[in-house]
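Here is a short report for someone meeting this structure for the first time. Look through the sequence and the model, then read on.

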Amino acid sequence: MARIAGVNIPTGKTLRYSLAYIYGIGRVNALEICEKANILETKRVYDLTDAEVLRIREIIDRDYKVEGVLRSEIAMNVKRLMDLGCYRGLRHRKSLPVRGQRTHTNARTRRGKAKAPIAAKKKQ
């Protein structure tokens with residue numbers, strides 16, 4: 001099992017899809033990494049030699065922000081918006097959609113489970 005950027009990537013899949021398991025690397029970046037390392041993207045991970053895995057690891061470390069570094073940078077950006085008190089920061093703070101989506105209906109993933117309306121309370 002190949003371990004790249006602290007992630008065990010699946011061995012049975014082709015390289016272009018296995019690299020996408022790393023946070024911060026999608027399919028397009030995976031293809032770019034394969035081109036830079038001069039490795040066929042259709043090659044299976046279990047067919048890679050140690051030298052090829054090392055080349056991929058060096059390219060990712062040098063050119064891309066992945067996993068913990070990327071997560072912390074994103075968290076710092078959100079925290080900066082919240083500290084500034086700008087509109088986007090306030091929306092983050094209230095756990096509401098940030099990019100202008102409606103909230104009268106929908107936005108359930110961001111706002112959480114729907115609360116029962118007041119009329120549904122028990123009468124005594």
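Which residues does Ser18 touch, not counting residues up to four places away in sequence?

## Ser18 in helix α1

Ser18 touches Ile9, Pro10, Lys13 and Val45, leaving aside residues up to four places away in sequence. This is a predicted model, and such contacts are computed from it. Ser18 belongs to helix α1, residues 15-18. Its relative accessibility is 0%, so Ser18 counts as buried.

## The nonpolar core

The largest nonpolar core holds 21 residues. Within this core, Leu19, Ile22, Ile56 and Ile60 have the most contacts. Two elements give two or more residues to the core: α2 (27-36) and α3 (50-63). The largest share comes from α3, with 4 residues. As a general rule, nonpolar side chains in soluble globular proteins tend to be buried together.

Take Ile56 as an example from the core. Ile56 touches Ile4, Leu15, Leu19, Ile33, Ala37, Ile39 and Leu48, again not counting residues up to four places away in sequence. One of these partners, Leu19, is also among the core residues with the most contacts.

## Helix α2

Which residues of α2 are buried? They are Ala30, Ile33 and Cys34. They cover an arc of only 100 degrees around the axis, which puts them on the same side of α2. These buried residues pack against α1 and α3.

The other side of α2 has Val28 and Glu35, which are exposed. Just after α2 comes Asn38, with a positive phi of about 55 degrees.

## Helix α4

Helix α4 covers residues 67-84 and has 18 residues. At 1.5 Å a residue, α4 should span 26 Å; the C-alpha atoms at its ends are 26 Å apart, which agrees. The buried residues of α4 are Glu67, Leu70 and Leu81. They cover an arc of only 90 degrees around the axis, and therefore lie on the same side of α4.

What do the buried residues of α4 pack against? Their partners are β2 (7-8) and α5 (87-93). The face of α4 turned away from the buried side carries exposed Val69, Met76, Asp83 and Leu84. Gly85 follows α4 and has a positive phi, near 80 degrees.

## A charge over a ring

Arg71 lies over the face of Tyr23. The distance from the ring centre is 3.9 Å. As for pairs of aromatic rings, the count comes to 0.

## Positive phi at two alanines

Ala5 is not a glycine, yet its phi is positive, about 55 degrees. Ala5 sits in the loop between β1 (3-4) and β2. With a relative accessible area of 25%, Ala5 is partly exposed.

Ala107 is not a glycine either, and its phi is positive at about 60 degrees. The loop between α5 and α6 (108-111) holds Ala107. Is Ala107 buried or exposed? Ala107 is buried, because its relative accessible area of 16% falls under the 20% cut-off.

## Thr49 and Lys115

Thr49 is found in the loop between α2 and α3. Its relative accessibility is 41%, so Thr49 counts as partly exposed. Thr49 and Lys115 are 66 residues apart along the chain, and their C-alpha atoms are separated by 55 Å.

Definitions and conventions
Residues numbered from 1 in each chain as written. Predicted model: local features only at pLDDT ≥ 70, side-chain atom pairs only at ≥ 80, totals over all residues. Heavy atoms only, no water. Core = buried A, V, L, I, M, F, W, Y, C linked by side-chain atoms within 4.5 Å. Buried < 20%, exposed > 50% of the residue type's maximum accessible area, 1.4 Å probe, protein only. Contact = heavy atoms within 4.5 Å. Phe/Tyr/Trp six-rings, centres within 6.5 Å; stacked < 30°, edge-to-face > 60°. Lys NZ or Arg CZ within 6 Å of the ring centre and 35° of its normal. Expected span 1.5 Å × (residues − 1). Arc of directions from axis to C-beta.
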